[in-house]
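Hi,

Here is the structure I promised to pass on.

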Amino acid sequence: MTNGLPRLAWQYLWARPLTAALNLLLLTLGLASIAFLILARDQVDRAFERDLVGIDAVVGAKGSPMQLILAGVFHLDVPPGNIPLAEARRIAEHPQVAQFIPLSLGDNLQGWRIVGTTTDYLSLYGATLAHGAPWQAPMQAVLGDAVARGSGLDVGARFVGAHGLGVGGAVHDSTPYEVTGVLRPCGCVLDRLVLTATESVWFVHDEMHTDKDLSADERAELQAALDAEREITIGLVRYRSPLAAASFPRFVNSITPLQAAAPAVEVTRLLSLIGQGTQVLRALAGVLLVVAALSVFIALWSAVRERRADLALLRLLGAPPRRVAALLLAEAAWLALLASALGLLAAQGLAALAGRWWGDAALPTLVQAGAWPPALAWVPVLAAGAALLAAGLPALAAYRVDVHTLLNPRS
Amino acid sequence: MIRTRALGFSHPGGPRLRFADVDVAAGGTLLLRGASGSGKSTWLALAAGLLTPGEGTIEVAGQSVGALRGAARDAWRGATVGVLPQRLHLSADLSVADNLALVYRAAGLPVDRRAIDELLVALDIEALRERRPSALSGGQAQRVALARALLRRPALLLADEPTASLDDAACAQALALLRETVQRVGATLVIATHDARALAMFHGAAVLALEPVGVSA
């Protein structure tokens, strides 16, 4: 049935190269948009899922719970404020809390956040060192993989942080860090963080206040005041029991001056917001695909009209009507196949560009090339659907072509 | 080889055509004579199995054409009947070689490149194999169409007005080529023509004279 048909369809398709190329371009654009959306959505979902591992609640200053999650878990937003160390300890000692990991933010290295924490933060993500060792004392730091690659720093190197979470803040010249280790890439948020002891962040900011010409008594008095007002930024909480999910946030939000936010709830809300945007983009991609299908239909319909004699000749040479119809379908199938391949490649290329652009901006590389989520299988299915739908009527016309007209000199 | 009995056909809304009985032996030649509209094309279409007889029978190589249905008739036509239409209908999108390969592709068979090459040489058109039909002269195009009709060595070749609009020299050349090539493959030849030059060239061949439509109805 199909012997030689794909080749013949290919020859007929490219007999009109401009029409074929334009149809291919249109189909490819629609499919590439859909493939990129699938790719981006899948990777964003995975990134959120990966960074949320083992975190039941995030505790921080009162404000927007989404902001707290974005700042504390994904390091995408600025935190709503700091919280007193005493309050944080109270939370950590709560009977429903199995683990409390403090995070202290405030400085950056070339845009990468410096996070004061404990080594429990490394364990949370199962991070291991590529070389070097974890910090043992304040002002020692471990670099995430992306930071090490981006900054060019390695074990033994020294660097100073800049105030604030974005590039351009005042530089803490007098309090340099020493790199003691570099993490293996974990594909998680740690890749783009500089990790150090909580005390390092306090020390750097204490120095901001004490580097003036103070007497010993004044310095001791100031230190006592600073110790009394110690703060951290955010606490990551793991519950002892899932039952805590109901009562713990209520306890924090009503009894303490802090707020607790559940990442699962906030991420679901965030993904639903992203989902609405994705729906709009998906609809636009759908319109592109419909336009492409219409264009393919017009091209094939014209082809049937122009090639009526060729199709009748095939019948004269012994082709049953279904083979003649299959020739039209095969032309559409070629377009679908080529457009699927080109669309998927274009989407991967777009993802690579997006990853590079966001990477340069020191933002999380949520979208990267090279991923092949199973949902991408929809791309060839959609391509085949659009192309075959467009070829349906022309194929029917080809099926019904009147071969007897070939023997009529007026045909 | 060709045997018709009480063969008749009516086009929807058209006149009823009735054809005289014929018997042509294998390798013989039949000339269908008649003016335009006398039913020559209909007779050819019946012999090729493109139309089903409305009445009577037509047998080609022992096969009653009307008894075949659908794909079986298409496959039989592809294997048994070669057709040289008046308008040659070479595909403008394909090269000469690909136009010939169409014979196999239409039938769902593997392309026999050797057979194509042999016929191109036999008809002295091997140099044209990569040309598009638009780059062929009228005579060259007719040779390509003849090669296409005879590629599968059919038992029957139907030629529809093969000398229409040819001058005398070209007419003689075309008919000689047709006769010589058909003899080489051993096919039975049916020529539908109202050209007296063809009648002279195939002197002694069986003739079926068709009356203008309506007279025999």
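Predicted model: local features only at pLDDT ≥ 70, side-chain atom pairs only at ≥ 80, totals over all residues.

Let's start where the two chains meet: 25 residues of chain A are in contact with 33 residues of chain B. On the chain A side, the elements that give two or more residues to this contact are helix H1 (5–14) and helix H11 (308–316). H11(A) supplies the largest share of that side, with 5 residues.

Now chain A by itself. Its secondary structure comes to 13 helices and 13 strands. How does its radius of gyration sit beside that of a compact globule of 411 residues? Such a globule would have a value near 22 Å, but chain A has 31 Å. The C-alpha trace of chain A spans about 115 × 45 × 30 Å along its principal axes. Of its 411 residues, 41% count as buried. Looking at contacts in chain A with a separation of 6 or more, residues 24 or more positions apart account for 78% of them.

The axes of helix H3 (residues 65–72) and helix H10 (residues 263–306) of chain A come within 10 Å and cross at roughly 100°. At that angle, H3(A) is roughly perpendicular to H10(A). From H3(A), the contact is made by Pro65(A), Met66(A) and Ile69(A). From H10(A), Pro263(A), Glu266(A), Val267(A), Arg269(A) and Leu270(A) take part. The residues of this contact divide into 6 nonpolar, no polar and 2 charged.

There is also a backbone detail in chain A. Met139(A) has a positive phi, near 70°, in a residue other than glycine. Where does Met139(A) lie? You'll find Met139(A) in the loop between strand S5 (129–132) and strand S6 (140–143) of chain A.

On to chain B, which has 7 helices and 10 strands. Its radius of gyration is 17 Å, close to the 17 Å that the globule rule gives for 217 residues, so chain B is as compact as a globular protein of that length. Along its principal axes, the C-alpha trace of chain B spans about 50 × 40 × 30 Å. Of the 217 residues of chain B, 44% count as buried. Among its contacts between residues at least 6 apart in sequence, 73% join residues at least 24 apart.

What is the strand order in the open sheet of 5 strands in chain B? The order is S7-S8-S9-S4-S10, with parallel pairing. Strand S7 (81–84) and strand S10 (206–209) of chain B stand at the edges with a single partner strand each, so one side of each has no neighbour in the sheet. On average, neighbouring strands here are turned by 15° against each other, direction ignored. Strand S4 (residues 29–33) of chain B pairs with S10(B) in the parallel sense over 4 bridges, and one position to look at is Leu32(B), whose bridge partner in S10(B) is Leu208(B). Helix H1 (residues 40–47) of chain B packs on this sheet and touches S4, strand S8 (156–160) and strand S9 (188–193) of chain B. The direction of H1(B) makes about 160° with that of S8(B).

Chain B has antiparallel pairing too. Strand S1 (residues 2–10) of chain B pairs with S5(B) in the antiparallel sense over 5 bridges, and Thr4(B) has Ile58(B) as its bridge partner in S5(B). S5(B) also runs antiparallel to S6(B), joined by 2 bridges; here the bridge partner of Glu59(B) is Ser64(B). The hairpin of S5(B) and S6(B) has 2 residues between the strands, and Ala61(B) takes a positive phi near 50° there. Ala61(B) is partly exposed, with 17 other C-beta atoms within 10 Å.

Cheers

Key
Residues numbered from 1 in each chain as written. Chains lettered and ligands numbered in written order. Pairing = 2+ DSSP bridges. Axes fitted to C-alpha atoms, helices over the stretch in contact; angles between N-to-C directions. Contact = placed C-beta atoms within 7 Å. Buried ≥ 20, exposed ≤ 12 C-beta atoms within 10 Å, placed from the backbone. Rg over C-alpha atoms; globule rule 2.2 N^0.38 Å. Parallel < 35°, antiparallel > 145°, perpendicular 65-115°, else oblique. Nonpolar A, V, L, I, M, F, W, Y, C, P; charged D, E, K, R; others polar.
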